[in-house]
Amino acid sequence: MPAIQHLPGFTEIALCVRGMDVRVYESDVVTGPAFVLIHGFGVSSRYFGPLATELSKYGRVLVLDLPGFGDTHDPDKSPRITGFAHVVNATIRELDVKDPVLVGHSMGTQVTVEALERAPGLALGAVLAAPVVNDRERGPWLLLWRFIQSAVKEPPSSAWDSIVGFTRTTPRWLLSNYFPMLRYRIGEHLKGSDVPVVVVGGSEDRIAPPDWCHRLAEVRDGIDVVIIDGEAHEMIHTAPVAVAHAAMRLAGHPLAPGLPPCGD
């Protein structure tokens, strides 16, 4: 199989889940804790490269391209957040992933929370990085403006991976998923799960600002908050070590100085 340029050391797996095209990129390391990475709106597995590479030092990592994103084909009908969550859970079962930590970013946090609610006991915990949508800013044009405000704070490498993701997603598919994302009330659904959760935010993120991250963490017990100073919306790309620390802590393997990678 040809090398995957944006995820070196990963193998591509093509699946058909509930009649939909899914791509999974799995790390060569398959021992240790397991992590399932779920991308956000309009993008793909591509921008998870730095975080996936970091986590693959310590365990099994699977990075998803949900139906209609990345190199997958558009389904005939949009599965919305609930449908994407079913895809995530079915993929976990199909690939026999034991006790994974789910790591969702942006819209992927909604999919993650829905997956937890739909399949209790399937995942060990979850990292919600830059969760959407801020409960005080649900307007479609305001969210777009917040995206622009955050985007200008991203480095070129992070912005480029997002641009590539958007160019591979059809306008029809973007529109069909934008408004369901706006309507999804992540806080209410988060109450429906009881696994440990870490909400990760960036101090410069205008889409998921720190005050929103803290309000979200108050919906139930068992939710911690980590705010990464100086980071904007795509901290999974620009601060992968900090996000990896949060994920490893949920997996029961907090990273300490000198901790050897899995297999050493």
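In what order do the eight strands of the open sheet lie?

## The sheet

The order is 1-2-4-3-5-6-7-8, and the pairing is mixed. Strands here are DSSP E runs of at least two residues, and helices are H or I runs of at least four, both numbered from the N terminus; two strands pair if DSSP finds at least two bridges between them. Strand 1 (10-17) and strand 8 (223-228) sit at the edges with a single partner strand each, so one side of each has no neighbour in the sheet. On average, neighbouring strands are turned by 20° against each other, direction ignored.

This is a predicted model, where local features need pLDDT of at least 70, side-chain atom pairs count only at pLDDT 80 or more, and totals for chains, interfaces and linings use all residues. Residues are numbered from 1 along each chain as its sequence is written, and side-chain values use heavy atoms, leaving out hydrogens and water.

Strand 5 (residues 101-105) and strand 6 (residues 125-129) run parallel, joined by five bridges.

## The aromatic pair

There's one aromatic pair in the structure. The ring centres of Tyr-47 and Phe-48 are 5.3 Å apart and the planes are at 65°, so it's edge-to-face. Rings of Phe, Tyr and Trp (its six-membered ring) pair if their centres lie within 6.5 Å; planes under 30 degrees apart are stacked, over 60 edge-to-face, the rest tilted.

Tyr-47 is buried at 2% relative accessibility, and Phe-48 is buried at 0% (buried is under 20% relative accessible area, exposed over 50%, partly exposed in between, with a 1.4 Å probe and protein chains only).

Terms used
Axes are lines fitted to C-alpha atoms, for helices over the stretch in contact, and angles run from 0 to 180 degrees between N-to-C directions.
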